Amino acid sequence: MAFWLARRRDGQDSEWIQRFDPRFWTVNFPRPMMASVVTTAPDALRMDVEFHRRSDLAGLIWESEDNFDHPLLAYATDRDYSRTALRFRWTSSGILPLDAPNGPALTIEGRNATGGETRWYVRLWNYAQGTPEDAQIAIPFSALTSGWSSDDPSATEVHPADIDRMFISLAPPGFVPEDDTPLETRADGWLELTNIACEGDRPMLEAGDVMLPPHGIQIATAYDDSYNLTPERILRNIRGLGYRGRIVHYVGMSHFFRLVAEEGAMLADPAGTLCNPGRQWHQAYFAECARQGYQPIASLSYELFADHCPDGWRQRAVDGAPALTGWVPPSTLLSPAHTEAMSWLRAVAAHFVALLEEAGLPVLFQIGEPWWWTFADGRICLYDEAARLALGSEGEPPEIADMRAPLDAAQLALLDAAGALLAQSTADLTATIRAAATGPAEVLLLAFTPTILDPAMPELRRANLPPGWAWPAFDRLQLEDYDWLTGGAEAQRRAAYQWVQDRLGYPVENQDYFSGFVLLADNAESYWPKIDAALDEAQTRGLSQRFVWALPQVNRDGYTRLAYSQDNDMQAFDDVPYPLALGRDASVCPEFSTSVAVTASGHERRGSLWADARLRFDVGPGIRSEEELGVLIAFFRARRGAARGFRLTDPFDFSSNGGTAPPTGADQLLGIGDGATASFQLVKRYGEEPDPQLRRITRPQPGTVSISVDGVEAGGWTLEPGGRVVFASAPTTGAVIRAGFLFDVPVRFAEDRLDIAGANFRAGEAPSVPLIEIREAV
């Protein structure tokens with residue numbers, strides 16, 4: 001499928017948005033407080049906050065440069081606010097009022113008139129009319145002064161012509177800067193800006209307005225990556241980029257839940273309560289999904305931000321080390337054996353089921369990557385106190401210090417028991433989801449094969465892909481394998497699909513595929529082609545539900561998936577041979593396309609436009625009788641003239657060995673093994689190394705292909721459509737893969753009519769029957 005990485009708009013459609021459009025404000029704040037922003041009208045927004053410490057400070061932010069939208073949808077950068085005014089009505093509760101010391105201020109970051117980086121602090125109360133919690137505010141950027149008041153000796157005029165960003169700060173009652181002492185009770189607050197208007201000079205911004213046709217691929221999002229954005233902004237990108245249908249929405253592991261003070265830390269509320277900012281955001285998000293016809297799949301994992309996880313909930317290795325992921329700061333994994341931890345998961349799930357139904361949406365729920373954590377050094381985390389009691393006699397299960405080492409019968413039995421315990425925990429979660437829904441609920445399981453089927457730890461699958469997950473434990477099975485995908489571990493990917501199928505048995509129509517993801521922008525150019533190709537490969541395996549993980553990386557890298565084009569695949573091909581033997585007088589004409597520019601001095605500049613030649617044939621001279629002429633006419637009519645392709649054997653070049661000699665397994669070099677790549681395209685080389693002309697062979701003759709590896713005839717491979725040889729196990733690094741074969745050329749009739757005169761034919765004049773080679777899709 002065609003795609004590209006768009007870095008900027010280049011002639012695509014645009015629209016005009018008002019500067020300070022509510023959809024494009026963001027929030028930011030330090031943990032453990034929480035905040036969110038949603039749009040409530042075309043000219044209004046609402047920010048909800050939960051404060052836990054005296055020093056907590058949240059910001060409602062406007063940035064002059066769009067750092068979050070896809071390049072084809074982003075608004076234009078404009079840092080000049082000269083002669084511009086921002087007006088809005090301010091209403092708030094539960095935060096410091098406008099007239100309070102340390103009350104809401106507008107912080108402006110930019111450069112002064114001499115180009116020096118500067119930060120101005122503008123007290124909003126100085127520009128307000130009304131009460132401290134309900135006021136009309138007007139901000140004239142060309143007449144704006146920082147400081148407590150106009151009499152403040154430190155006050156300076158704001159330079160409005162070079163501003164990077166600005167934010168409105170919100171603080172709790174009792175705010176003390178740099179004092180991290182907890183508040184006596186959690187402080188809940190909110191702010192609404194309504195009647196937002198930009199007036200004066202430059203009140204509008206140009207923004208991308210693409211609306212790509214739907215392409216059949218679906219998208220994934222995550223609240224941890226988008227908590228700072230408005231839901232409307234997220235869905236604007238999703239719709240503009242052509243994604244429709246379902247959206248996998250990972251609710252995350254750090255921002256959605258209520259925190260309570262326990263064990264000297266701020267921990268997830270055992271009752272599973274959602275924090276108010278997270279609840280408000282998801283209400284708005286699900287409502288907007290329903291309005292636009294999307295069906296979000298709420299996704300909940302066993303992962304929790306480590307700083308907010310009660311100590312007893314964590315999985316632990318045999319040495320007591322808690323399960324910690326590689327994120328910075330790290331998350332941890334909840335123990336499937338811990339009653340309170342699993343009760344928390346079920347309570348959270350019930351809350352999200354209620355939010356989905358409140359929005360009028362179907363209940364679609366994903367249990368995301370539930371597993372027993374394993375460190376890279378082989379330590380598996382089966383040894384938290386609850387797991388020890390559940391898995392071991394008298395709380396002493398067999399020790400497994402290294403999953404990479406050979407394991408005895410007792411250790412294998414422990415892994416099987418851990419798998420059963422994991423399966424029971426997901427079954428209990430599934431039951432809760434179904435019970436919480438007032439109607440049908442669809443539950444999906446997401447599994448990450450590179451970890452659970454790690455070849456270095458072959459027995460790990462006992463614990464992390466238990467038989468208790470077999471069909472129909474869940475309605476749909478979803479697989480992702482991005483480490484193997486981006487690393488080129490093709491054989492492992494393919495083997496994993498079959499292994500999971502054999503173990504769990506989900507019908508193909510009940511399976512989904514996740515393709516992605518690109519953690520670092522530096523890898524975009526090399527990873528996205530593999531991700532895009534994997535989406536198409538999943539379609540060939542019969543998977544209709546295919547997701548890209550995830551929207552933040554799609555936007556960052558400008559990944560743009562295009563709708564299916566008939567140019568992407570050969571149209572209407574009948575895999576049948578031309579029915580007549582070619583006569584000695586049949587003609588073959590290979591052609592290239594070369595642009596030649598002649599300079600004023602007579603020198604040439606030549607550019608080769610095609611990597612491979614295109615063949616033309618005239619098979620008319622091979623027709624010897626009226627009977628064969630009748631066969632030709634019938635074949636021509638069956639192909640609908642030039643509409644349908646077919647096979648033709650080139651009488652001068654149909655073998656991998658020279659042109660016509662019997663093929664051998666050593667004829668053509670397909671590639672050099674790297675220990676990961678499992679598929680190799682059949683090719684034929686013309687000319688001398690190191691720069692031969694390379695021809696893709698897409699129509700080998702069945703039964704004629706032989707493969708050798710390092711000069712030895714090889715087995716354990718299959719021939720897939722398009723002439724791709726796929727090994728069950730990837731050839732080792734440095735192995736030389738060669739092939740021999742006979743092949744045909746995909747062709748069509750060059751014209752929609754066949755000119756044959758009976759008198760001329762009987763007089764011995766051969767008709768002209770031109771054929772032309774057609775390109776197979778890459």
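Some notes on the model come before the questions and answers.

This is a predicted model, in which local features need pLDDT of at least 70 and side-chain atom pairs count only at pLDDT 80 or more, while totals for chains, interfaces and linings use all residues. Residues are numbered from 1 along each chain as its sequence is written, and side-chain values use heavy atoms, with hydrogens and water left out.

Q: What is the omega of the cis peptide bond between Gly516 and Phe517?
A: Phe517 is in the loop between strand 25 (511-515) and helix 11 (524-540). The cis bond joins Phe517 to Gly516, and its omega is about 5 degrees.

Q: Is Glu178 buried or exposed?
A: Glu178 is in the loop between strand 12 (163-170) and strand 13 (182-200). Its phi is positive, about 60 degrees, although Glu178 is not a glycine. Buried means under 20% relative accessible area, exposed over 50%, and partly exposed in between, with a 1.4 Å probe and protein chains only. Because its relative accessibility is 79%, Glu178 counts as exposed.

Q: Which residue with a positive phi follows helix 4?
A: The buried residues of helix 4 include Trp344, Leu345, Val348 and Phe352. Their cover includes helix 3 (276-292), strand 19 (295-301) and helix 6 (409-436), where contact means heavy atoms within 4.5 Å. After the helix comes a residue with phi near 80 degrees, Gly360.

Q: Which glycine follows helix 11?
A: At 1.5 Å a residue, the 17 residues of helix 11 should span 24 Å, and the end C-alpha atoms are 25 Å apart, which agrees. Among its buried residues are Trp528, Ile531, Asp532 and Leu535. The glycine after helix 11 has a positive phi, near 95 degrees, and is Gly542.

Q: How many charged residues are in the lining of the second largest pocket?
A: On a 1 Å grid over the protein atoms alone, a pocket is an open set with protein on both sides within 12 Å along at least five of seven lines, a cavity is a set of points where a 1.4 Å probe fits but cannot get out, and lining residues have an atom within 4 Å of a point. The second largest pocket has a volume of about 1,500 Å³, the space filled by probe spheres set on the points, which are joined across faces, edges and corners. Of its 48 lining residues, the closest to the centre are Glu303, Trp327, Glu369, Tyr482 and Phe517. Besides 26 nonpolar (Ala, Val, Leu, Ile, Met, Phe, Trp, Tyr, Cys and Pro) and 13 polar residues (the others, Gly among them), the charged ones (Asp, Glu, Lys and Arg) number 9.

Q: What is the volume of the largest cavity?
A: The structure holds 1 cavity of 30 Å³ or more. Phe636, Phe749, Ala750, Glu751, Arg753, Leu754 and Pro770 line the largest cavity. Its volume is about 40 Å³.

Conventions. Helix = DSSP H or I, 4+ residues; strand = E, 2+ residues; numbered from the N terminus. Expected span 1.5 Å × (residues − 1).
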